[in-house]
Amino acid sequence: AGLAVFCELSAVLFGGYTIAPDAGPSSNPSDGTIINSMLTITLDPAHFAGPGVDFPVAAEAIARYLTSSDVEGDGSNGESPVRFPGEIEFNTEQERLANGVPMPRKVVDHLDALTRELGGGPLE
């Protein structure tokens, strides 16, 4: 959340709109239009890394180190495992691609009834 606030404030500093409707002249227009500014900072690791540093290898090593931490846990000690941004969504997508999207029984029954009403066969 802190990084999101930093990006929002930075976007305002560089002349963009903000999500706050009462933030002054740089806020969203009063006509109800939603405008989200975006600040993008792009860094080339090759420019900053020292000689002989393989950034992708170093990034993978850091990820392995963080996710193996006993303090934060891997889930085995009752703590939530360390996760990276987008990881939950990626895992959910993979699960749903493999096994389908879960639907409440009531919804499935309703769709099944509609399908039969229109002359189709059962859904399951």
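Colleague: Is Asp112 buried or exposed, and what is its relative accessible area?

Modeller: This is a predicted model, in which local features need pLDDT of at least 70, side-chain atom pairs count only at pLDDT 80 or more, and totals for chains, interfaces and linings use all residues. Residues are numbered from 1 along each chain as its sequence is written, and side-chain values use heavy atoms, with hydrogens and water left out. Buried means under 20% relative accessible area, exposed over 50%, and partly exposed in between, with a 1.4 Å probe and protein chains only. Asp112 therefore counts as buried, its relative accessible area being 17%.

Colleague: Where is Asp112 placed, and which residues does Asp112 touch, not counting those up to four places away in sequence?

Modeller: Helices (H or I, at least four residues) and strands (E, at least two) are DSSP runs, numbered from the N terminus. Asp112 lies in helix α5, residues 105-117. A contact means heavy atoms within 4.5 Å. Leaving out residues up to four places away in sequence, Asp112 touches Gly121, Pro122 and Leu123.

Colleague: Which residue meets Asp112 in a salt bridge?

Modeller: Side chains of opposite charge can pair when their charged atoms come close. A salt bridge is a side-chain nitrogen of Lys or Arg within 4 Å of a carboxyl oxygen of Asp or Glu. The two partners here are four residues apart in helix α5, so about one helical turn separates Asp112 from Arg116. At 3.0 Å from N to O, the partner of Asp112 is Arg116.

Colleague: How many salt bridges does the structure hold, and how far apart are the closest N and O atoms of Asp109 and Arg105?

Modeller: The structure holds two salt bridges. Asp109 and Arg105 are also four residues apart in helix α5, so they are separated by about one helical turn. In the salt bridge of Asp109 with Arg105, the closest N and O atoms lie at 3.1 Å.

Colleague: What are the relative accessible areas of Asp109, Arg105 and Arg116?

Modeller: Asp109 is partly exposed at 41%, and Arg105 is partly exposed at 46%. Arg116 is partly exposed as well, with a relative accessible area of 47%.

Colleague: What span does α5 reach, and what span is expected?

Modeller: The expected span of a helix is 1.5 Å times one less than its number of residues. α5 has 13 residues. From first C-alpha to last it reaches 18 Å, close to the expected 18 Å.

Colleague: Which helix has the highest mean pLDDT among the elements of the protein chain?

Modeller: pLDDT is the predictor's confidence in each residue, from 0 to 100. The protein chain has five helices and zero strands, and its mean pLDDT is 80. Helix α1 has the lowest mean among the elements, 80, and the highest, 94, belongs to helix α4.
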